[in-house]
Amino acid sequence: MGRLIIASNRLPVKIEKNENEMIVTPSAGGLATGLKSYHKGNDSVWIGWPGIIPESEEEEKTVTTLVKEEQCLPVFLTEELISMYYDGFSNATLWPLFHYFTEYIEYRRRYWEAYLKVNEMFADAIIANAKENDRVWVHDYQLLLVPNILRKKRPDLKIGFFLHIPFPSYEIIRVLPWREEIIEGLLGADLIGFHTYDYARHFMSSVKRLLGYDVDFNQIKLENRQVFIDVFPMGIDYKKFEKLATEIQSKSIQERSRVHQDIDRFLMGMPDRQLILSIDRLDYTKGIPERLKAFRHFLKEHPEYIEKVSLIMLTVPSRTDVEQYQNLKNEVDVLVGNINGEFGRLNWAPVIYFYRSMPFENLIELYSSADVALLTPLRDGMNLVAKEYIASKVKQRGVLVLSEMAGAAKELGEAISVNPNNIVQTADAIYKALTMNDEDRTKAMRTMQRRIKRYDIYKWASEFMKALEHTIDRQMDYHARKVSTRIKSSITKDFTNSKSRIIFLDYDGTLQRFFDNPQAAGPDEELYDLLNSLSKIENTKLVLVSGRDRETFDRWFGSKNYTLIAEHGAWLKNTGEGWKERKPVNSEWKENIMPVLESYVDRTPGSLIEEKTYSLVWHYRKADIELGALRALELVHDMSNLIFNQDLEIMEGKKVIEVKVSGINKGTAAAEFLMDNPADFIMALGDDWTDEFLFKELPESSHTIKVGTENSVAKYFLNNYKEVREFLDELRKAK
Ligand code: GDG
């Protein structure tokens with residue numbers, strides 16, 4: 001296995017200049033802690049911005065040397081790039097967009113250009129350090145384009161990507177002028193991870209709608225490879241929080257920190273006093289004004305809690321140069337002032353407000369002392385604070401009130417869940433939390449602790465890496481079955497050495513691309529030329545086997561020198577002969593089925609019905625991609641009941657549902673044909689589910705080739721009709 005290269009906007013260490021000395025401080029963030037075991041253990045490298053702009057070449061060298069000791073490599077950014085790429089495109093365009101704050105989005109071409117440039121710089125730094133077959137793990141919204149830049153320049157690398165913030169719904173992402181570039185950028189990865197299934201779902205829907213790629217379960221099918229999507233809810237270093245919280249609790253009063261002593265004093269002699277805690281960066285996504293309004297409403301509704309409860313609000317300064325953050329700061333200042341002015345007493349403040357960051361130890365003291373954690377983001381990728389609070393409640397004496405808009409809400413079902421925009425509901429939740437009995441508190445907390453402890457940050461990182469390895473195995477399996485130069489030459493050799501040959505070819509999706517209107521998909525000159533010359537090769541029979549109606553097939557190929565099998569094997573036409581019906585039946589059944597299909601056409605704009613002798617087909621290629629898929633499911637369900645006990649069957653093709661007389665399929669037709677026309681070289685190519693009948697019926701020695709990467713009984717596969725044409729061209733030239 002190759003090494004691991006981690007890339008994130010910031011390195012896990014920060015360099016600061018103190019007078020003339022450079023100081024390295026390790027980052028306490030969850031990401032750095034979680035990846036440490038991989039980072040240190042695997043001779044790996046971490047690439048990112050070191051948090052400083054060197055003023056000279058010498059300083060640059062010093063920074064490089066210092067971070068190198070931590071197995072890190074710096075990407076140096078200028079002030080202008082930081083302002084355009086980081087403050088600009090990352091935080092003024094993508095951050096509001098991905099958190100549904102569309103009114104804050106800034107669309108500036110210069111931001112985008114800087115973002116592109118920095119993403120290229122990161123990719124170049126990765127490439128300069130990557131050996132063959134290394135694994136690369138790229139993190140977060142600042143580096144969305146890196147996977148595809150890497151893929152183009154270094155296809156050998158195995159690339160994973162994890163997004164730490166939400167991925168918005170298609171309706172939101174579509175407003176971005178560079179939406180296609182962003183999604184293509186991500187699709188350079190082998191594996192893309194999200195915190196929750198909703199984010200993964202939104203991403204897959206955007207891929208389908210914006211780029212038109214097929215998505216099958218959790219795989220995105222690109223032209224010549226697949227991208228896997230999965231969910232990895234990020235955890236925390238549980239044991240670290242648990243251990244520190246236990247140590248802090250066992251300290252004597254004198255040994256305790258200043259913050260802790262202040263908390264003790266606040267609670268002293270007032271056994272029914274309670275503390276509510278909130279911790280977040282001062283960001284408009286965190287719902288801080290809404291939280292304050294809910295607390296004010298609570299105090300109005302429950303004056304009995306005056307002097308009995310305080311909200312400690314730790315807000316960490318963030319992106320202070322940006323106007324929206326300054327406005328938010330002013331709004332919060334005013335709200336805190338109003339609440340304290342309205343409800344405060346000489347020796348009691350309802351809101352204890354900190355606008356700064358605190359040392360890690362103080363954080364744990366706050367967590368372990370707080371009776372309630374009130375975390376109410378309007379939108380949050382995960383929210384690690386919720387998990388940290390849970391891990392620090394070693395005596396299980398705490399209640400979590402959590403916004404349903406945080407990714408963490410998906411795992412923490414025992415928390416009191418609120419819609420942060422609903423002030424009254426949040427106020428009620430505060431009351432519920434403060435009045436919850438000990439038994440209920442302990443029970444909920446214990447359940448959540450067990451879960452968070454099991455899926456901690458180490459597990460998260462190792463699960464991601466395991467999934468990346470697994471996708472690599474699957475890509476290898478994919479390449480083993482792909483018709484390679486070696487497989488092509490072995491089939492060609494067999495073809496030239498044999499005495500009599502039959503080639504079965506499906507039409508739509510195999511020899512020709514799909515068109516919105518199926519009648520527009522007629523053969524072009526290149527295709528006629530190819531098929532004509534193949535059919536002219538001595539002792540070679542070309543058989544076109546399609547679901548198409550015989551009238552169309554007759555128009556396109558009636559005069560040609562090949563055998564035609566139409567309507568999934570219902571009709572057969574040998575060279576120079578007329579059409580023969582394989583199994584005559586009446587068509588009364590259509591009267592019952594047609595009205596049902598018509599109701600689906602009415603309810604699914606863009607869909608249409610095609611009538612064939614033996615079947616009725618509902619096409620939904622032109623319908624809305626998701627509505628079409630949903631209606632197709634419904635239709636199959638309805639039809640299964642309707643055709644019960646009749647000699648009919650349902651076939652699901654590519655964007656078509658076909659109801660047809662049973663017992664007739666491409667396989668039985670091909671087998672019948674082979675009985676009259678024995679051959680020592682048999683090859684079949686098809687892209688659809690209906691071609692599986694064909695592959696199954698042919699003798700074991702046949703060369704069966706699926707067009708597309710879905711599961712198939714065929715031995716090999718080609719990606720698309722273009723590759724089929726190229727291959728057939730090589731075959732005709734070989735003879
Ligand atoms: C992004 C996504 C996702 C906070 N104040 C202090 C301090 N902290 C630490 C906390 C926690 C971290 O900062 C905050 O993490 P969150 O997850 O709550 O939020 P974001 O910073 O917005 O992170 C988020 C996360 O990425 C991971 O994928 O969960 O949704 O937005 O670890 O403890 N640490 C110290 N002093 C403080 O004053 N030492």
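Guide: Two strands count as paired if DSSP finds at least two bridges between them. Keep in mind that this is a predicted model.

Start with a simple pair. Strand β2 covers residues 13–18, and strand β3 covers residues 21–26. They run antiparallel, joined by six bridges. Look for Asn18: opposite it, in β3, stands Glu21. Together β2 and β3 make a hairpin, with two residues between the strands. In that turn, Glu19 has a positive phi of about 55°.

What holds such strands together? Strands of a sheet pair through backbone hydrogen bonds, and the pairing is either parallel or antiparallel.

Now move to an open sheet of eight strands. Trace its order: β22-β21-β20-β19-β18-β27-β28-β29. The pairing is mixed.

β18 spans residues 501–505, and β27 spans residues 681–686. Five bridges link them in the parallel sense. Phe504 has Ala684 of β27 as its bridge partner.

Helices come next. Helix α23, residues 666–676, packs on the sheet. It touches β18, β19, β20, β21 and β27. Its direction makes about 165° with that of β18. Helix α20, residues 550–557, lies across β19, β20, β21 and β22. It runs at about 155° to β20.

Finally, visit the ligand. Strands β12 (274–281) and β13 (309–316) each supply at least two residues of the shell around the ligand. The ligand is surrounded by 21 residues, and among the closest are Met358, Asp380 and Met382. By class, twelve residues of the shell are nonpolar, five polar and four charged.

Check three atom pairs here. A backbone N or O atom of Met358 sits 2.7 Å from a nitrogen atom of the ligand. In the side chain of Asp380, an N or O atom is 2.5 Å from a ligand oxygen atom. For Met382, a backbone N or O atom lies 2.7 Å from an oxygen atom of the ligand. On its own, the ligand has 740 Å² of accessible area, and the protein covers 80% of that.

Key: Residues numbered from 1 in each chain as written. Predicted model: local features only at pLDDT ≥ 70, side-chain atom pairs only at ≥ 80, totals over all residues. Heavy atoms only, no water. Helix = DSSP H or I, 4+ residues; strand = E, 2+ residues; numbered from the N terminus. Contact = heavy atoms within 4.5 Å. Axes fitted to C-alpha atoms, helices over the stretch in contact; angles between N-to-C directions. Near = heavy atom within 4 Å. Polar contact = N/O pair within 3.5 Å; in protein donor to acceptor, adjacent residues only side chain to side chain. Areas by Shrake-Rupley, 256 points an atom, 1.4 Å probe, with all protein chains shown as cover. Nonpolar A, V, L, I, M, F, W, Y, C, P; charged D, E, K, R; others polar.
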